[in-house]
Amino acid sequence: MRWNWAVSLLIFLHVAPRCCNSAPPQLVGASLTWELHRSFVSGVRIVTFKLRSSFNATDFTDCSSLSQGDTTKIGTTVSSTCSTVSVATNFGSLCFDQFASLTDTSPISTCVDNNFQIKAIDTDSDWRAKLVVGEFVVNATVSNSKNRLVASYFRRDKSSTFSKTGFWNALPITLSSTSPACVTVLRLCDDTLLPCSNATSRPRNFFSPVPMLPFLVPYPALNVPLKAHDYDGHPMAVDSSSVSAVASYESLPNLMQSGDGTQTLTGFFDLAVDPRTASTATAGLRGPLVSLTLAPTGTDRAESLLVVGDNVYDVLEVGTASTSFMSVPGWQDGSTVVGTVYTLVRPDPVCTANNTPAFIAPTVTEVFCSYAQAALGACSVKVTATTVTPSVKIKIISSHGFTALSTGAGCSSTVCDANCGDQGLVCPACCPIAGRKDYLFSLPQLSISDVGRFIVQCFTAVSVFDTTSTRCYSTPTCVKFHIYGSAPRFVDPTPLAANSEDDYGVLVKGRTDVPACLGYPLQLTLRAVDDDAGDQVRIFVEDKFNTQSAFVSGNFFLATSGSNAFVQPLPSVDCASGYSTWKAFGALRVGDNAGQSTLQTMDPLRAAVNSPYNAGISFAAGAATQSIKYTLACNTSNGVNCTAGPPFKLNLNPVICGFAYDSSRARYGRWVGLRNPDRRSQGYLSDHSMGDYASDMHCWRIRLQAPPEISNVEVSYLTIVDQTAGQLGWLSSAAAAGDTGPLGDVVSYKLAVGTTYNITFYARDPNPEDSVSVFLVGDSGLPDGAVVKGSSCIQESRCMGQDVVSGGSYSATTFSTTQTFYSASTKLPCATANLTVLWDVSIAHAGSTFRICTVARDASPLCAGMGPDTATPAGWYGSERCADFYIPLPSLRWIAPSSPAALRGGGAVEPLGALLP
């Protein structure tokens, strides 16, 4: 006798004598999931349970109106469709047991009949049996005196094939159902913190995992993509005894254990990539692959259970590697487990490797669609099945337990027509091409309210034979669609230009230079918008490098006025002088969300999908604007030391980075953003979006800018008649420090007639990367006999800041190595320059005072339009510096003879001479 799927299903069906009611329909599969009411902590203590179940009703005569393919019954309840049927006897019951603790001997117990709403009646031509799929949704109210809830689905008419083993054995409590098919457990809060509604006892688990697996699977089913999601954003785990691989997914260490500690679980998240950057490169992204290999018995049928659990977050947003960011899994600490019952059926013996279809790998099983795409019906995926024997016709159907595929206009749902023409791709029926079937599946139109949802569709390929009713079924493949919304983005007037290079000239990705010009306010205004109507937006920026504990004194937003805001690591001894008197930068956030001072968004000890935002966090409707208030000033030493200059000494250029966020988590009640919020794994790049959407990180390097200044004048003589008469030296000198000015404006010298002088003006720029030039001020002119040698660069050692970004991109760990100080041996090419005037002082200059004025200019245009008028596109001019040179009138005096003998007339005759001093 040849067994096919129909026989495999029916042989296991105990048919009672026909004088009375027929035997209950055989359970094919079931899954039980739940979610808490969004206002649970506010007193709406409701848990909504969803039981999906499937039954083989082929010979169930008590409900003969359930005919295959009868869409008129879709949406009705089974009790109204089968009015004479005992729902509890034939379709089971859902029971709830509430406990206050593990030792509670007075639970509150309630059971309700599985009066499901019919979702599908799979056709006889596809499955060779009458398969009914239903969904039963019920709200359970939790008593204020209870904090644990166990829900179980069972059949009262017979013992379940599943005893209370494995996960369920860990329950030291008595359930209403002694041998349930599905059980799920909730622990709302600690036993001593009832009623689980304040800040310290609020539940951390608002959604159970939702594993989506076909209820009917051919044996053996190898590497079936398990599609599961958790709207808490929690990591999940699947019983590793049935997991063959975790392929191309963000996997977690196998440290999770079940509630009774006997089963090791393989962990995964339901979303491993940013959907905004997903592309064809994610074609191999399949999630956990489960192999369902429990061998059917002699009846060719076997029931089995797949267990999936989640892991609540114990603490989040911690900064040290020694602190756990997730709890140890298990229902005792607020995590939960759910089970999915499925049936494995041995295929017909006529089905071989040559005529049984298979989906081509790698089939894309993770699809990312914006709600806008889905609203246009443009969210789709193509699946392809083939057979080794090309003459075999193939059709693609919905796996049992999932929405039936729409045939569309011009398509047949049952006939294998090789002449489908252009409609072939959208027709699930045959339209084969030499043993190959391509099918394009599209989601129905969706709306913005679907943002953050996961929609799963599973497919089965079927071989259709013209001469027989035999069907050969493939291992199913499942596709998970993630519907995402828009993330906020920075827009004008936010500076976003790609203009920031490190010390090696490497352009740093995602960083923009913004000048902070000495004495003038920083011009840095950030604005972010969100394209999703109704979204709220906030901006947060921080000093990424200096928020770490070892470097906090250099934080750009440090508000205290303490000394030594030096950025770690401290400089070496040979260049530390003058660099330890900076005060805090003291920058302020002004505008929307100015009250947020740390990156953390929620209480790390009670992190949950509906946790409130931390105090100080606020949102703006549709768009947010925030300005950074800061003025580099000498009188506050907030990044500049003017007491020992020029040159003034500048602190390291602060680098601040920020994100724009929306409030999607609060709006939709789901964790819609990226998963795995563990700060330690993402380091400096962590956006801490915590379920919201976040923009890409953008950084701004605050370029501390000050002009070059004439630091000193040196006067030296080349020739002189009598060095005792040179009278070279300062007559007067005045010095005064200010926000914009260097030393006093004028110094004076006395020069001698008949002497040639080098008069050199030196200029230094506090920005070591700048190139300095020294110019004569045109109105001052030069005296006759004076020649300008021009401006020249001078290499000079100086303690200076370093900015090196490996590869031009910040990583999770490189912020701490990008900023430090060079040693004093560093040679700067042109941060110091001089201008020399060569002057032969003659008798014509006697009795006069001459003034020579100079000014220094750097080559940086950064402060043009953002500082004083002297900051031009050609560079920033410093203050004018003048020197007065007084040449006294000459006086005649005799030069005495060199010896007494000369005066007495003895010895050699020496000439007399006169000197004009």
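Reply: Here is the lysine, then the sheet, then the confidence values. Keep in mind that this is a predicted model. The lysine is K146, which sits in the loop between β6 (131-141) and β7 (148-154). Buried or exposed, then, for K146? K146 counts as buried because its relative accessibility is 7%, under the 20% cut-off. A polar atom of its side chain lies 2.9 Å from the backbone oxygen of S106. S106 is also on the list of residues that K146 touches, leaving out those up to four places away in sequence. That list also includes R45, Q98, F99, A100, D104, P107 and I108, along with L188 and L194.

Now the sheet. It's an open one, with 3 strands in the order β20-β22-β24 and antiparallel pairing. β20 (358-359) and β24 (436-442) are at the edges with a single partner strand each, so one side of each has no neighbour in the sheet. β22 (residues 380-386) pairs with β24 over 7 bridges, in the antiparallel sense. If you want a specific pair to look at, A385 has K437 in β24 as its bridge partner.

As for confidence, the chain averages a pLDDT of 75, and 67% of the residues score at least 70. Among the elements, β30 (residues 525-529) has the highest mean pLDDT, 98, while β40 (residues 730-732) has the lowest, 31. Over residues 720-743 the pLDDT is below 50, and the model gives this stretch 53 contacts beyond near neighbours in sequence. Residues 275-285 also stay under 50, with 22 contacts beyond four places in sequence.

Terms used: Residues numbered from 1 in each chain as written. Predicted model: local features only at pLDDT ≥ 70, side-chain atom pairs only at ≥ 80, totals over all residues. Heavy atoms only, no water. pLDDT = per-residue confidence, 0-100. Helix = DSSP H or I, 4+ residues; strand = E, 2+ residues; numbered from the N terminus. Contact = heavy atoms within 4.5 Å. Pairing = 2+ DSSP bridges. Buried < 20%, exposed > 50% of the residue type's maximum accessible area, 1.4 Å probe, protein only. Polar contact = N/O pair within 3.5 Å; in protein donor to acceptor, adjacent residues only side chain to side chain.
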